[in-house]
Amino acid sequence: MSDTGPQTGTEPQAQTAPEEREPEHDPAAPAPLGVPRIPTGHAEADAHLERLADADHLATDGHFEVYEDVHRGLREALTALDARPGPAGPAGRPTVTPG
């Protein structure tokens with residue numbers, strides 16, 4: 001037989017170097033949810049909401065800590081808004097003391 005004749009069987013498969021292979025899909029791996037975070041216009045609230053992006057890179061068991069931190073920060077920001085002095089409310093009815 002000659003080396004130049006037609007070959008029977010299959011062609012040898014080209015081997016791919018390990019660093020060139022596509023990574024296997026791991027359904028349990030952290031993945032961004034793709035939920036848009038729309039700015040509120042309040043810098044402090046927006047900073048807390050942006051912190052939610054940190055959960056995109058964590059395993060599910062790490063989300064709780066991020067969510068609790070964001071919730072605490074937003075609650076404190078709202079509490080601070082309530083604590084700020086505002087304009088004086090309407091005056092109550094004058095009381096008349098019997099004389």
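Is R51 buried, partly exposed or exposed at 26% relative accessibility? R51 counts as partly exposed; buried means under 20% relative accessible area, exposed over 50%, and partly exposed in between, with a 1.4 Å probe and protein chains only.

The model is predicted: local features need pLDDT of at least 70, side-chain atom pairs count only at pLDDT 80 or more, and totals for chains, interfaces and linings use all residues. Residues are numbered from 1 along each chain as its sequence is written, and side-chain values use heavy atoms, with hydrogens and water left out.

**View 1. Helix α2 spans residues 60–83.** Helices are DSSP runs of H or I with at least four residues, numbered from the N terminus. Helix α2 has 24 residues. From first C-alpha to last it reaches 35 Å, close to the 34 Å expected at 1.5 Å a residue. The expected span is 1.5 Å times one less than the number of residues.

**View 2. The buried residues of α2 pack against α1 (43–50).** These residues are G62, H63, V66, V70, G73 and A77. Contact means heavy atoms within 4.5 Å. An α-helix has 3.6 residues a turn, so residues three or four places apart point the same way.

**View 3. R51 meets D69 in a salt bridge.** The N to O distance is 2.6 Å. R51 lies in the loop between α1 and α2 and D69 in helix α2, so the pair ties together parts 18 residues apart in sequence. D69 is partly exposed, with a relative accessible area of 28%. A salt bridge is a side-chain nitrogen of Lys or Arg within 4 Å of a carboxyl oxygen of Asp or Glu.

**View 4. D54 also pairs with R51.** The closest N and O atoms of this salt bridge are 2.7 Å apart. D54 is partly exposed at 37% relative accessibility.

**View 5. R72 forms a salt bridge with D69.** Their closest N and O atoms are 3.8 Å apart. The two residues are three apart in helix α2, so about one helical turn separates R72 and D69. R72 counts as partly exposed, at 38% relative accessibility. Salt bridges with shared partners join R51, D54, D69 and R72 into one network. A search of the whole structure finds three salt bridges.
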